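Thanks for coming. I will take a few minutes on one model and go through it piece by piece.

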Amino acid sequence: MKYNFNEKIDRKNNHSAKWSEMDKNFVSNDLWPMWIADMDLKTAPEVTKAMAEKAPEGIFGYVYRPDAYYRSAVRWCKDRFSWEIETKNLIHTPGVVPGISLMIRLLTNPSDKIMIQNPVYYPFTNVVKKNNRNLVVNSLIKDESGYYTMDYTDFEEKAKDPDLKFFILCNPHNPVGRSWKRDELEKIGKICLENNVRIISDEIWRDLVMPGNVHTPMSSISKEIEDITITCFSAAKTFNLAGLQAAFLHFPRLDEREIMDTELGILDIKRNNPFAIVAVEAAFTRCHSWADQLVEHIDGNMDYLVDYVSKNLPRVKVRKPEATYLVWLDFSDYGLNKDELSRLMQEKGKIALDDGYWFGVEGEGYERINVACPRYMLEEGVKRIKKALSHL
């Protein structure tokens, strides 16, 4: 079946944070929204059908998770990534970020240090600092072409600190778009093993890897690395289901899984909602072709964006991402400070982008654009960026 990813959409009346809460982060609510990381694309029709079949039941009380729910996730991991896991090691959480936050709170102490790799998804900083842990930054290295790599020397030096307990890995990486290669993960894993540093691997973007690249789960590197790694994944990004609040955590250690399960019970947030169960199971069992075609669409949008920028905005530097549906645009050649760049996009371009400095000081001079949308939305977005820059 051929799916249509260029259907025109209208989200103004569906309580969309992306479309209707811009005034909380930007100058107004009438901007062109290409910021927050959900898609302006309808989910797979197989998922919609599963939810529609659930609705006529008319009773939406407390539900349990059937074994098939976990088996669907296990099978997806095997079929897509050759990563074999067991259902007994999985636990449900309302989302990846809540899961990471709870793990930091439960598995570390206030004096402990947690390492991240800036520029990176800004909730990583929040879950460390707001849980009163000490943040350590291992900044990524960028070459002249905009290609990012890990600074292993700095990473190893910081890993030697006995107070460093966890490293949060973004795999694939948001916002720089790297799909980390196996040898890169092996190097990081080896350093963590040698220094008794645990790994939390956020792999929510794992399905959205562009052609020519491969996602390698951190836990698949070796049994030794699997033992020190807690993996977070979800159907949320791939199938545009973030609002259903369902994610998985893979715990190799039973005692930690039980600690997490107990805390979720205390907070009374360990159950799914009825629609999340059927939606996630449908996504992981019936939607391989849809996911493949989604990647083709995003890949085409990325090519369009890179081509448009090279032809119309030569002072903006851009490199096609290896993964995610987010593109990291470098405006540093214009010499604007972070506030000037942000205001320019909003006030002159009337477009909402994720400001680069949100991802750490390493992101100053950048903007992140979301290309998971119909082509007409992307075309309008780049025109607005061009318009903004014409005022300089």
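With that, look at aspartate 143, which sits in the loop between strand 5 (141-142) and strand 6 (148-149). Keep in mind that this is a predicted model. Aspartate 143 is partly exposed, at a relative accessible area of 36%.

Which residues cover the two faces of strand 12? On one side there are Leu326, Trp328 and Asp330, on the other Val327 and Leu329, and all are buried. That is 5 of the 5 residues in the strand, so strand 12 is largely enclosed by the rest of the structure. As for its partners, strand 12 (326-330) pairs with strand 15 (366-370) over 5 bridges, antiparallel. Leucine 329 stands opposite glutamate 367 in strand 15, and the bridge partner of aspartate 330 there is tyrosine 366. Towards strand 11 there are 2 bridges, again antiparallel, with valine 318 opposite leucine 329.

Next, the core. The largest nonpolar core has 98 residues, and those touching the most other members are Ile100, Phe239, Tyr325, Met345, Ile369 and Ile385. Helix 12, residues 288-312, gives the most to this core, with 9 residues. Another core, of 31 residues, lies apart from it and includes Val176 and Met218.

Take methionine 345 from that list. Leaving out residues up to four places away in sequence, methionine 345 touches Phe331, Lys350, Ile351, Leu353, Glu367, Ile385, Ala388 and Leu389.

The last of these bring us to helix 14, residues 375-389, which has 15 residues and spans 22 Å from first C-alpha to last, close to the 21 Å expected. Among the buried residues of helix 14 are Met377, Arg384, Ile385, Ala388 and Leu389. Seen down the axis, the buried residues of helix 14 fall within an arc of 155°, so they line one face of the helix.

Note on methods
Residues numbered from 1 in each chain as written. Predicted model: local features only at pLDDT ≥ 70, side-chain atom pairs only at ≥ 80, totals over all residues. Heavy atoms only, no water. Core = buried A, V, L, I, M, F, W, Y, C linked by side-chain atoms within 4.5 Å. Buried < 20%, exposed > 50% of the residue type's maximum accessible area, 1.4 Å probe, protein only. Helix = DSSP H or I, 4+ residues; strand = E, 2+ residues; numbered from the N terminus. Contact = heavy atoms within 4.5 Å. Pairing = 2+ DSSP bridges. Expected span 1.5 Å × (residues − 1). Arc of directions from axis to C-beta.
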